[in-house]
Amino acid sequence: MKSYLSMRYIVMLLIPALIVGYAILQWSKDEPRPKKIIVGVKAVEEIEFWRVLIEGVNTASREFGVDVSVVGPPREIQVDLQIQMLQEAIKQQPDAIVMAAGDYNRLVPTVESIRKAGIPLIMIDSAVNGDYAQSLIATDNFNAGQKAAVELAERLPVNAKVAIVSFVQGTSTQIEREQGVRSILEQREGTEIVGTYYSEGMEERAYEITMELLRERPDLDGIVGLNEPSTVGAGRAIGEQGLVGKVKLVGFDSSIKEVKLLEEGVLQSTIVQKPFSIGYLGIKTAVSLIEGDKVSPNVYTDSVIINKDNMYTEENQKLLFPFVEE
Amino acid sequence: MKSSQRIKSIQSRIASSFVMLVLFTALLLIFISYRLSESAVRETAESYTSELINQVNANIQTYITGMKDISLATMNNPNVREYLASSEELQPAELAQLKAKISEYFHSIRVSRKDIASINIFGEGGTFISDRTNAELNPYIEVSEQPWYRQAQENKGQTVISSSHVQPVIKGEYRWVVSLSRELSGITPTQGLGILLIDLNFKVINDMLSKLDLGNRGYVFVIDSQGRIVYHPQQQLLYSNLKTERLEQVLQDKQGGFVVKEDGASRIYSIKDTDFGWKIVGVFYENELVDNKKQMQLSFAVAGLLCLGLGVLFSVVISRNLTRPIKKLQEKMMEVEKGNFDIRVPVGHSREISGLARSFNVMVSKVKELMRQIMVEQEFKRKSELNALQAQINPHFLYNTLDSIIWMAESKKHDEVILMTSALARLFRASLSKGKELIPIATEMEHITNYLKIQQMRYQDKIRYTLDMDPELYSYLTLKVLLQPLVENAIYHGIKNKEGPGTITITGAHEDHMIVFQVMDDGIGMDEAKVETLLTSSGGNQSRNSVGIANVHQRIQLYFGANYGLSYTSEPGAGTCVKLLIPAIHAEERREKEGDMP
């Protein structure tokens, strides 16, 4: 009788307890704590590319309901600052880190410590030397370099001398693009690559380098600018030297300055990446990884060749002028 | 034994029934009210969303109507008309003055309207009037090849609204705008004189749309009549083919919206048409409609648990309160069971329980009374049996009888000795009757006969007797030794004191399920006072004999009830008659009954 009674009370308590348990289970299932993802970019102020990429990151974070914070040095050249910022990020124990490496080799220890901390890692835009990230989402930079080289080669005379204005030495994007450019131009009959010059990702520096280059090599036929500031700097120098149309310029990325250079005919073509897609896919892949899905180790986003003729098409407008501003 | 068949306590029954009741009603109520509030919230959200889209529609309409109004005002502006009608005839100075006036006019409009980016006229001859006097045309852009220009030409004076695009015609400016263009005509309507271009700053639309809140994933997009995107927050994803939008379906839709089920979530497309061909589409996710769903669920669950908790608590308290008096009653009953009859249960508040308690109290006191009565009766029974025993072997009678036998033996009256001794022997045998209380009337008759014989021999001719007994009665039962005390009394108090011989008559008859014995004598009789004390006396200073009579009476009443017993009628000098009533119990029937009940 006694045990029977207590049995009854246990059942009476058990029913609400079960309901509560079920409810808690449902809630925890439905609404997990928003996942925290830290995005490490190479620069936050300098280049429009990163602004658009961050826009893509924000769009994805809104869509997938994740908590995203973006960290990065003001300028691409500040690799030490980026390393320091990423070390800080590791301490916050995020659910994933999405990052672009400011340097192909110097970021390796940082990336190692991210993996050692057990944090899933997605690399975007630029990789590091080694196989650390679960996924790399980037423009196929080798292919983009090849596109740029083809664009330039079409406009070059038979025997041509070409210079490459690169940006920060040691980043994977720069290395791959240069390899892409060289793979085409070195195959071309009578074409000589006079050298690769580094602008450190700054327009002014690119301008100075190009001015000097144009003075030293008056026989130069073409320049490939491997990113936006390098291209704009080189374009300014060509314009100021009155060599428009004589020295062909093919560049990378987009900005109002590049648009003007395109209209003026200084810049023949520019290879525009899709930073919005890179940022968006970076977060999307990170979310998949957190949820335990398999992710592809390599995702290439495409790049688009933009020249004076197609720059105002509906699709390209949004790539060239990503922001609606007063 | 199965647990369901076990005896359950009322408390646990009440409590569990209450809990079940509370549980089910609470769950049902919560479920229903949750559903109701959810649908109410959903409806509110839906109407809010629809209202939102309407608002967007109205705002965009306002902007476009504003541009149209400006275009109309411009066409009717006398300066513009003059300029268009007669630009070739005017002197350059006058023309410049007119241009300045028009530019001034445009400027004043643009300043008053924040949404207007620029107002320009592109004349046929390459002339250009802008709202800003210092504006220059972009030298690298061919104005006449711009889509808005061509479409305005094609539409012959009708307004043309473009999709959103970058306007590169002004040097150094690359603004996102929506363009209204319209061909301006002079006096001859067929001859176009120029194109009016009004650019709406797309930022106003972009800002308005991007700030709309349609849940985390919901958004608004706008397409023009050709299905080109005017605004889409994920435009870049669409162009990169990372996402697709149902533009075709939106274009073809006539219902004002549709629902798309994809990846387990359903999206609701709400479409509003504007009168200039744009479609404004609100996309929201059904599961986000109720944005504080979790909070609502939580508050409902908390309320429900609170209800449940209170319900359980109350059930326990109520059931305990209800059953406490019963438990108390039960405890008291246990004490009664143990034999304590001096218990009073306090009468409670509730009617049922107080009634129960009252009845219990009455019952206990009744039981106590009955117990006392039984004890008295038992005691009396023991005493009467002893008395009966004493009556059987009255020592005086025995002594007198034996004395008579001795005396007769001395007188060598052997026959009398034998007669008397054998009568005495039979008397005792009849009175023993194997220890049974009830004996056949035949045995009783034998007993009384032998007694009378002995007395007759002792008193010689002083006593005469007649026995008038219906032989049918012999097989009925009676209590033993009933008649002897009566006869003894008749002899000692009636006949013995009378002069001359006396007669004792004993009759027996069957009347109405009763057997009636009568013992009559013609002795000295008694007065009424004596008669009355005869049956109630119980010892004391009464004679041993009258104790015997009272004992007979009480034994009959004890055995058969108050309806039976003795009744005396006597008259001094005439004699006494005692009537003895007992129920008619047949020996056979009695045996059968006893056989039935072992």
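In helix α13(B), the residues Leu483(B), Gln484(B), Pro485(B), Leu486(B), Val487(B), Asn489(B), Ala490(B), Ile491(B), His493(B), Gly494(B) and Ile495(B) are buried. A residue is called buried if 20 or more other C-beta atoms lie within 10 Å of its own, exposed if 12 or fewer do, and partly exposed in between, with C-beta atoms placed from the backbone. The helix, residues 483-495 of chain B, is thus mostly covered, with 11 of its 13 residues buried. Helices (H or I, at least four residues) and strands (E, at least two) are DSSP runs, numbered from the N terminus. The model is predicted: local features need pLDDT of at least 70 and side-chain atom pairs count only at pLDDT 80 or more, whereas totals for chains, interfaces and linings use all residues. Residues are numbered from 1 along each chain as its sequence is written, and chains are lettered from A and ligands numbered from 1 in the order in which they are written.

Strand β10(B), residues 279-285, has six of its seven residues buried, so it is largely enclosed by the rest of the structure. Two strands count as paired if DSSP finds at least two bridges between them. Strand β6(B), residues 219-223, runs antiparallel to β10(B) and is joined to it by five bridges; here Ile223(B) has Lys279(B) as its bridge partner. Strand β9(B), residues 265-273, also pairs with β10(B) in the antiparallel sense, over seven bridges, and Lys279(B) is the bridge partner of Asp273(B). Five residues lie between the strands in the hairpin of β9(B) and β10(B), where Gly277(B) takes a positive phi near 105 degrees.

Elsewhere in chain B, the axes of helices α2(B), residues 78-86, and α3(B), residues 92-112, come within 9 Å and cross at roughly 140 degrees. Axes are lines fitted to C-alpha atoms, for helices over the stretch in contact, and angles run from 0 to 180 degrees between N-to-C directions. The two helices are therefore oblique to each other, a class left over once angles under 35 degrees count as roughly parallel, over 145 as roughly antiparallel and 65 to 115 as roughly perpendicular. From α2(B), Asn79(B), Val80(B), Glu82(B) and Tyr83(B) make the contact, and from α3(B), Leu98(B), Lys101(B), Ile102(B) and Tyr105(B); residues are in contact if their C-beta atoms, placed from the backbone, lie within 7 Å.

Chain A contains an open sheet of six strands with parallel pairing, in the order β2-β1-β3-β4-β5-β11. At its edges stand β2(A), residues 67-71, and β11(A), residues 298-301, each with a single partner strand, so one side of each is left without a neighbour in the sheet. Within chain A, three bridges join the parallel strands β3(A), residues 96-99, and β4(A), residues 121-124, and Ile97(A) stands opposite Leu121(A).

Another open sheet of six strands in chain A has mixed pairing and the order β7-β6-β8-β9-β10-β12. Its edge strands are β7(A), residues 191-198, and β12(A), residues 304-307. Strands β6(A), residues 160-166, and β7(A) pair in the parallel sense over seven bridges, with Thr196(A) as the bridge partner of Ile164(A).

Finally, the contact between the chains takes 31 residues from chain A and 31 residues from chain B. On the side of chain A that touches chain B, α1(A) gives the most, with nine residues.

Terms used:
Contact = placed C-beta atoms within 7 Å.
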